[in-house]
Amino acid sequence: MTTYRYSLEGSTPLHKTDLFRLFNNYRVYKYIIELLVDLGITDLNSYKILEPGCGDGNKLRFFTELRALPENCYGLEISDTSIELCKKLSPAAMNFVQGSALDMPFEQDFFDIILCSGLFGCFNNEQDIRKISSELNRVLKRSGILFVLDLNENFNDIYSSNHYVMEKGFNTFDSTAGELESLLQEFTVISIIPAFACENYGRFDRTPAQVTDLPRIDAAIDNGDRKCGYTLWTFFKKLE
């Protein structure tokens, strides 16, 4: 498996790429909150949360803003550099563990919520994806919920001119054909939502859209007028 470096890895100064990240995360977070509320999962300070492949931990820290307790938040990351960055940027009580999503160092039925962001796109071997699915099923409680944010059928077209991205050979999943669902056999999908794509928020020269453009862009995605390169899938564990 290839270990990918993050664009801001090891960097702490504020940069315009942070604006892209906030634009992108806004849409994802909006729907995560909406789904959690609709499902009655609202008392987050009693929930244990995992993000395998957590990068710099920004999405895991988001849950603490929803009043999840830092000590109940766990990040799993294979990159030691990313683990160190997570620890620098996050509350001391948060748990960051170096390890592989293929063999998670957690007990069975330990987590209430799991968020995988860009994790499966790094694996081109279906056997590895099925192994991760098995591990997610093992550590997620029977009543748990799994969010998967990953690359969809539009990704390669959207990023075709970005050679830095394309040379990584990321895996994509057709959100209209059930490709990801067929690999996560232990889970049942309950929601599929277009998430975001870089070109919706600015150009590849990193010139960002204006903040005031965000509501218009968000509405265009909802109306189907703009394609997204990522999709947010939400899953339940299948009943045995």
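Reply: Let us begin with strands and sheets. Helices (H or I, at least four residues) and strands (E, at least two) are DSSP runs, numbered from the N terminus, and two strands pair if DSSP finds at least two bridges between them. Strands of a sheet pair through backbone hydrogen bonds, either parallel or antiparallel. In this structure, seven strands form an open sheet with mixed pairing, in the order S3-S2-S1-S4-S5-S7-S6. This is a predicted model, in which local features need pLDDT of at least 70 and side-chain atom pairs count only at pLDDT 80 or more, whereas totals for chains, interfaces and linings use all residues. Residues are numbered from 1 along each chain as its sequence is written, and side-chain values use heavy atoms, with hydrogens and water left out.

Me: Which strands stand at the edges of the sheet?

Reply: S3 and strand S6 (187–194) do; each has a single partner strand, so one side of each is left without a neighbour in the sheet. Direction ignored, neighbouring strands are turned by 20 degrees against each other on average. The axes behind such angles are lines fitted to C-alpha atoms, for helices over the stretch in contact, and angles run from 0 to 180 degrees between N-to-C directions.

Me: How many bridges join strand S1 to S4?

Reply: Two bridges join S1 (residues 49–52) to S4, and the two strands run parallel. Leucine 50 stands opposite isoleucine 114 in S4.

Me: How confident is the predictor in the protein chain?

Reply: The score to read is pLDDT, the predictor's confidence in each residue, from 0 to 100. The protein chain averages a pLDDT of 87, and 87% of the residues score at least 70. Over residues 1–10 pLDDT stays under 50; for this stretch the model has 22 contacts beyond four places in sequence. Contact means heavy atoms within 4.5 Å. Among contacts in the protein chain between residues at least 6 apart in sequence, 76% join residues at least 24 apart.

Me: What share of the residues is buried?

Reply: Buried means under 20% relative accessible area, exposed over 50%, and partly exposed in between (1.4 Å probe, protein chains only). Of the 240 residues in the protein chain, 50% are buried. Helix H2 (58–65) is mostly covered, with six of its eight residues buried. Among them are Lys59, Arg61 and Phe62.

Me: How many salt bridges does the structure hold?

Reply: A salt bridge is a side-chain nitrogen of Lys or Arg within 4 Å of a carboxyl oxygen of Asp or Glu. The structure holds six salt bridges. In one of them, aspartate 109 pairs with lysine 237, the closest N and O atoms being 4.0 Å apart. Aspartate 109 lies in the loop between strand S3 (95–98) and strand S4 (111–117), and lysine 237 in strand S7 (residues 230–237), so the pair ties together parts that are 128 residues apart in sequence. Aspartate 109 is partly exposed, at 38%, whereas lysine 237 is buried, at 14%.

Me: Which residue forms a salt bridge with aspartate 218?

Reply: Lysine 30 does, with 2.4 Å between the closest N and O atoms. The pair links distant parts of the chain, since aspartate 218 is in helix H8 (residues 214–222) and lysine 30 in helix H1 (residues 17–38), 188 residues apart. Aspartate 218 is buried, at 6%, while lysine 30 is partly exposed, at 27%.

Me: Where do arginine 138 and glutamate 135 lie?

Reply: An α-helix has 3.6 residues a turn, so residues three or four places apart point the same way. Arginine 138 and glutamate 135 both lie in helix H4 (residues 126–139), three residues apart, about one turn of the helix. Their side chains meet in a salt bridge (3.0 Å, N to O). Arginine 138 is partly exposed, at 25%, and glutamate 135 is buried, at 6%. Elsewhere, salt bridges that share partners join Arg27, Lys30, Asp218 and Asp222 into one network.
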